Each structure stands twice: as structure tokens, then as C-alpha cells.
Amino acid sequence: MFARKTVKREGVHPAGSAHSARLQLQTLSDSEVVQRFLDGDERAFGELVSRYDTRLLNFVYRTVGDRERAQDLVQETFVRVYRHLHRFDQSKKFSTWIYTIAGNLAKNELRNRSRNPLVLFQTIKKNWEADHRPLEWEDEGNKPDDLFRRRVLQEQVEAAVKELPEHHRLVFVLRELEGRTYEEIAEITETNLGTVKSRLNRARNNFARIIAPMVD
Amino acid sequence: MMTCEEFLEGYSDFRDSEEGDPTRVSFLLHVERCGSCARYDAVLRRGVALLQKGPELRLRSDFQDRLRHRIYQEDLEALRRRTPGASGGFSTLGWAVAALLGALALWEFLAPPPSLILPSVQARAPLSAPAVESRYEARPAVGGGAALGFFPEDLWAPSHSPRHDAAPLAQRMRREGDWIRVGLP
């Protein structure tokens, strides 16, 4: 598994050598870590997991809007990476490749969900909370503090992202939250640059229209 | 002069452009003059900033363990697939076991049933006296012997009384030759 083998046994203490090997892996670029894994160092896969797990989780969560499902999809992403890493074109960026896998899984999830619509418990809970929220705001003398207000605003803005159409949302999240370039987004979403630009522009317009009453 | 429509259409170019990009100038000029587009720009920037400052989701504590287990299963499955004869249907060993079981079942079916030798049982001698008392004397009717000549003389014995009681009505006869009914006085 991830840490089953070591590249070289250096030093006397095996735990020490494992630690130093891990530290060494941390200094390598993605493509070097990938190469290490392909050379038989399975610890390198653990390094890739620790580099991307949280980033992918947030990316997938913002796309599918369900925490538990996002965790499952991130796991599936890594399983596919593990299974198909030997097929990865190393002239490309690893991060783009892994985001493509995660993005495709997220898209499939949304597609399946639209075919078999089911109401998620989180959605019910959120709506229930939303139904009760105005009561908290009615009393002007008992207004929540800034921290609470900010948290509510945060939730509303996140909800606005979920309201975007699937293909707009993916592009929007990749650009605004993941900081991907247009070229990378085109590769991840398997579209051309023109499509990315127009989708991103529409996503931004929609997002601004939704959140304007909240943040203005 | 840039119109609001042009501003919105090309907004992404403005937002994603570098600081020194000459295309920014016309956008910046429009923002300064148009309150509506300035508001749009401000709302979007604030919204994105809020999103970026949002709490980062954390993975489950057992995420890596689950992933490790899943990959272990994947490895195992791949190994099974690589093993010759293990993929798709029975392996050679599987066929051998199936054939052996089949032969055993056939043997069971064709073999003669086993002969059992049971232990001997001691039986008691039959009772000479009738087990149940009868209200009737059991002997041939007077003259009945002639009428029923085919009955031997020793046909009627006291031990036959219960049999007489249980016999069909038509075969009963008292000494005088009257018919009686079973169970009636």
C-alpha cells in the first residue's frame, strides 16, 4: 500500500529512514513524485494523497454540495489515480489530471442525481434552518453579532454557488476557488477556451445576481 | 466609451487580467463612471472573497485507512484476475471438485440400499382367556351346526367372544337364533 515499500534503506533506524524518505518526497514536484511511484515506491502515492486530499474534497464538495458524497468521490478519485497512474501522460500537469478525474466524477454524480432525484437530508436540514432563520432576525434589539452574521452570509454565498448550473459551477469553482488558468480549466472540463470564457462570464453574472441582495 | 453591456460581456477579461494589462484601462474608466457596473464588480469581489475565506472542509479521520483498505481490495482483485484460470467461471480446481462431488452423488444413487440386521425381539405367548368379558356365551346355535355345517365344532371358543362382539351385525346370532344389535341390551 502507500507506505509498504521504501526506495532505499538509509541509516540504521528503519523508522528514521522512513521519516527521512517521507521528508524527501515532500520536497519533490508532483511529476517527480509520480515518477517515484511508477518506479515502485508506493510511499509516493501517500504523498500524492496528502497533497491533494483536502483540496479535492473542497473542490468536489463545492461542485456536488454534499459532504459525505464528496468524501466518497475523493476516495474514488484516488483509487482511479492509483489504478491508472501508469497511463498518465507525464508531459501534462498531474494536478490537471487529478482534477479532471475528480471533476468527471462530480459531473457524473450530478447527472445521476438529476436522473434519480432524491432529497438529501442536508438539504432538508438546510431548508428547515432557513425557514426558522427569519425569526432570529425579527427582533432588532437582539441582532446576532458580526461573527454570526458573517457565518450566515458565508452560507448564503455558498448556497449561491450551488444554484449555478452544473457546467457553470464547475468552471466558476475551478477559477475563483482553485485558481486554475483558463487553459487548465479547458483541459479539466474537456472543452475549448472560448467555452470556458463564456461559461465563466455567465457564471460570474449569475453569481453576482444571486448574492447582490445579500452582500450589497 | 465602453457600454454596460460591453463591460459585462468582457468582465472576465478584466477580472482575470494582470495589473499592467492595457485592456484594463477602459474597464476601470467605466467602473469609475457607472455606479451599476461598479456595484456589480464590488458584489462579485466580495462574494468570491467570502467564499475563499470560508472554512475548509476536513476529511474524515479514517479517510486514509478506508482508502488503504479499498486499494488493498483493488490489488487483491487485480491479482485474482492475473492468476491463470481464476477469471471468468471455474478454475481447474473448481472443476475437479465439482466432478468429484458429482461422482459421489451418482454412487449414492446407484448403490443398493444397505441390509440392516435388527436385534431379535422376544414375543409373549398368546393369552388363552379372552381379554374382554362378553355378555354372550360363545358357542354355536342349536342346530346351527347343521345350518352352518361348514363351521368346524371347535370354532366357538370363549376366546372368540370379543371377536363375536366386534363382528358385523349380520353374523351375530344368539342361541335361540335371534338377531341382536351391537351395543343394545
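In this predicted model, Arg70(B) pairs with Glu74(B) in a salt bridge whose closest N and O atoms are 4.0 Å apart, a salt bridge being a side-chain nitrogen of Lys or Arg within 4 Å of a carboxyl oxygen of Asp or Glu. Both Arg70(B) and Glu74(B) belong to helix H5 (residues 63-82) of chain B, where four residues, about one turn of the helix, separate them; helices (H or I, at least four residues) and strands (E, at least two) are DSSP runs numbered from the N terminus. Arg70(B) counts as partly exposed because its relative accessibility is 24%, given that buried means under 20% relative accessible area, exposed over 50%, and partly exposed in between (1.4 Å probe, protein chains only). Elsewhere, salt bridges that share partners link Glu68(A), Arg69(A), Asp72(A), Glu109(A), Arg60(B), Asp62(B) and Arg66(B) into one network.

Arg70(B) also meets Glu76(A) in a salt bridge between side chains, at 2.9 Å from N to O. On the side of chain A that touches chain B, at least two residues each come from helix H3 (43-64), helix H4 (67-84), helix H7 (146-163), helix H8 (166-177) and helix H10 (193-215) of chain A. H4(A) gives the most to this side, with eleven residues. The residues of this side of chain A comprise 22 nonpolar, seven polar and 15 charged, where Ala, Val, Leu, Ile, Met, Phe, Trp, Tyr, Cys and Pro count as nonpolar, Asp, Glu, Lys and Arg as charged, and the others, Gly among them, as polar. In total, 44 residues from chain A and 36 residues from chain B take part in the contact, contact meaning heavy atoms within 4.5 Å.

Within chain A, a salt bridge at 3.9 Å, N to O, joins the side chains of Glu158(A) and Arg62(A). Because Glu158(A) lies in helix H7 and Arg62(A) in helix H3 of chain A, the pair ties together parts that are 96 residues apart in sequence. Glu158(A) is buried, at 15% relative accessibility, and Arg62(A) is likewise buried, with a relative accessible area of 13%. Arg36(A) and Asp41(A), which are both buried, form a salt bridge with their closest N and O atoms 3.9 Å apart. Over all chains, the count comes to 26 salt bridges.

In chain B, His30(B) is placed in helix H3 (residues 23-33) and is buried, with a relative accessible area of 9%. Its side chain reaches the backbone oxygen of Met2(B) at 3.0 Å, and, neighbours within four places in sequence being left aside, His30(B) is in contact with Met2(B), Thr3(B), Cys4(B), Phe7(B) and Cys37(B).

Residues are numbered from 1 along each chain as its sequence is written, and chains are lettered from A and ligands numbered from 1 in the order in which they are written. Local features need pLDDT of at least 70 and side-chain atom pairs count only at pLDDT 80 or more, whereas totals for chains, interfaces and linings use all residues; side-chain values use heavy atoms, with hydrogens and water left out.

How values were computed:
A polar contact is a pair of N or O atoms within 3.5 Å; within protein, one must be able to donate a hydrogen and the other to accept it, and residues adjacent in sequence count only if both atoms are side-chain atoms.
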